[in-house]
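Have a look at the structure first, and then we'll walk through it.

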Amino acid sequence: MASSSTNIWVLLGLGLAGIILMTRKLRKVVKEDFGAFVEKFQILPPPQPAPPKAPHPLTGLSFAISDVFDIEGRVTGFGHPDWERTHEAASRTSPVVLALVEGGATCAGKTVLDEMAYSIYGENKHYGTPTNPAAPERVPGGSSSGAAVAVAADIVDFSLGTDTVGGVRVPAGFCGIIGFRPSHGAVSHMGIVPVSSSLDTVGWFAKNPDTLCRVGHVLLQLPFGAQRIPRNVIIADDCFQLFDMPVNWLADVVIKSTEKLFGRQVLKHENLGNYFASKVPSLKVFRSQKTNGEVKSGSLHLLANAMRLLHGYEFKRNHEDWINSVKPILATSISTKVLETSDVEIENCHSVRSEIRSALGSLLKDDGILVIPTMANLPPKLGGKEISSEEYKSRAFSLLSVASVSGCCQVTVPLGYHDKCPVSVSILARHGGDRFLLDTVQTMYVSLQEQAEIASKSKSSSSGASPEKSAEIAKEKGNQAFKEKQWQKAIGFYTEAIKLSSMNATYYSNRAAAYLELGSFLQAEADCTKAINLDKKNVKAYLRRGTAREMLGYYKEAIEDFSYALVLEPTNKRASLSADRLRKLFQ
């Protein structure tokens, strides 16, 4: 009878542990959505072809799409509930989406975007702003915010967005992933809500260059061929001077990577503003455009003015009738600027497009790339003043307008962090050089990451810090990663701290906390035991070991840990509640 009673308690204990694990998993699913999706569904690929035919090129990959792409039987929301309310369900699916599904990928749903895909910050008051996984207190970037977040959070393997004035490049940079804007017109825009037809492109996000290229080969319908490498790597020095932060090491990372891969002889430096001033005469028309009361005469600022004018004019032409009839509540960026746009100078905008495309074609030719910063600033804080700052927008659009106006292809490549925010560079190739640019990303990506890591370590050690000081720096980085729910990254930093100073109990205890979040209970228990051996009064280590042991089913030992934590800290509610709960169940 006693044996039977014991078995019942064991079963109850295992059941409770299972319930706790399931609850944690459910919470994790909710958290990991990051507010990225408007709607989740599945569009499955066709069956694999029978051997000896090759499998579909995107087999095993999942993707999400920004809510500007049509899906048969579903209303395209365009980032605004009034748009969704006043439009019919799509009669057919966008050819771009169909191509990916037929290529073997599974569509997982539609994602949040800026209201009417107009802004570059990723905020949406109607559907909520997706959480930036790389910097939760910062905006994710837009317009294709949810699509970028879904990839950055590892919810899908890749995603589709649209890039008009930065809609893919900006969120890729802000979320620390790769974003590709193809040459204008290279990918079909059928079945997609237009914003500005002269600037609109379909872009995509991925976390690694292999996935980026696999998707690119399907969307661009590229035949197989030999991989090409750049013979000219042009650093736009004046663009890097637009940075409003001390991260000049970004250009150095590209330079060192280039030297290592291709040799110093391929490197060139260019003042892009001066080059455009001499090669794009139609820019002079925009010299009278004013920003914040000051005449901005630099060529990059003038190019930004031309882009913004064309963007607003074509948006108004596409959607003014709907806005006037429905009278939706619009974001300030649309209502105060766009609806006032006139027809003036639009012909000059088209002249600038033609001249700048020709100028970049002459500069880059078939085997050259141009390197610029993706953005001039770090991502703004949620609700930050920068979002409404004309100076911030002017600096951003000075960089973003190069590809938008010229129609050249551009890829955003992440290069680590600065001040706890992702930073990146962008690489451009001439219009039509998409395959070459994809090849270049595959060739350079690993080397760029290696050089970025070296630069980061060099910055950390340049102050001549002792191992103990460096360990504390690593711990703080781990703490930040933990706050941002980047558990594996936090473990990496805590491990680095342990290597530098192996007798610090806090480092082991902190790593255990990250292991607990990942469900790695054995590792968490081992780390806590090490921490307790180093510091018998480490309350957090006892609490975390108690949690790990409870999840492993070691209930007696878990009660002992929670009880000892209470001895050290009698008012600790967590220890008290946990110990009492387990005693009632298992004693």
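## Charged partners

Arg-85 makes a salt bridge with Asp-82, with their closest N and O atoms 3.3 Å apart. (A salt bridge here is a side-chain nitrogen of Lys or Arg within 4 Å of a carboxyl oxygen of Asp or Glu.) The two sit about one helical turn from each other, because they are 3 residues apart in helix α2 (residues 81–85). Helices are DSSP runs of H or I with at least four residues, strands are runs of E with at least two, and both are numbered from the N terminus. Arg-85 counts as exposed, at 57% relative accessibility; for a 1.4 Å probe and protein chains only, exposed means over 50% relative accessible area, buried under 20%, and partly exposed in between.

Before going on, note that this is a predicted model: local features need pLDDT of at least 70 and side-chain atom pairs count only at pLDDT 80 or more, while totals for chains, interfaces and linings use all residues. Residues are numbered from 1 along each chain as its sequence is written, and side-chain values use heavy atoms, leaving out hydrogens and water.

How many salt bridges are there by this rule? The count comes to 20. Another one joins Arg-549 and Glu-525, at 2.9 Å from N to O. This pair links distant parts of the chain, with Arg-549 in helix α19 (residues 539–552) and Glu-525 in helix α18 (residues 521–534), 24 residues apart. Both Arg-549 and Glu-525 are buried. Shared partners tie Glu-525, Arg-545, Arg-549 and Asp-561 into one salt-bridge network.

## The packed inside

The largest nonpolar core has 76 residues, and Phe-63, Leu-100 and Trp-204 are among those with the most contacts inside it. (Such a core is a set of buried Ala, Val, Leu, Ile, Met, Phe, Trp, Tyr and Cys residues joined through side-chain atoms within 4.5 Å.) Helix α14 (residues 434–461) gives the largest share of this core, 9 residues. Apart from it lies another core of 49 residues, including Val-170 and Leu-399.

## Empty spaces

Where might there be gaps? Rolling a probe the size of a water molecule over the atoms shows where empty space is left. The second largest cavity is lined by residues including Tyr-118, Ser-143 and His-311. (On a 1 Å grid over the protein atoms alone, a cavity is a set of points where a 1.4 Å probe fits but cannot get out, and lining residues have an atom within 4 Å of a point.)

Notes. On a 1 Å grid over the protein atoms alone, a cavity is a set of points where a 1.4 Å probe fits but cannot get out, and a pocket is an open set with protein on both sides within 12 Å along at least five of seven lines; lining residues have an atom within 4 Å of a point.
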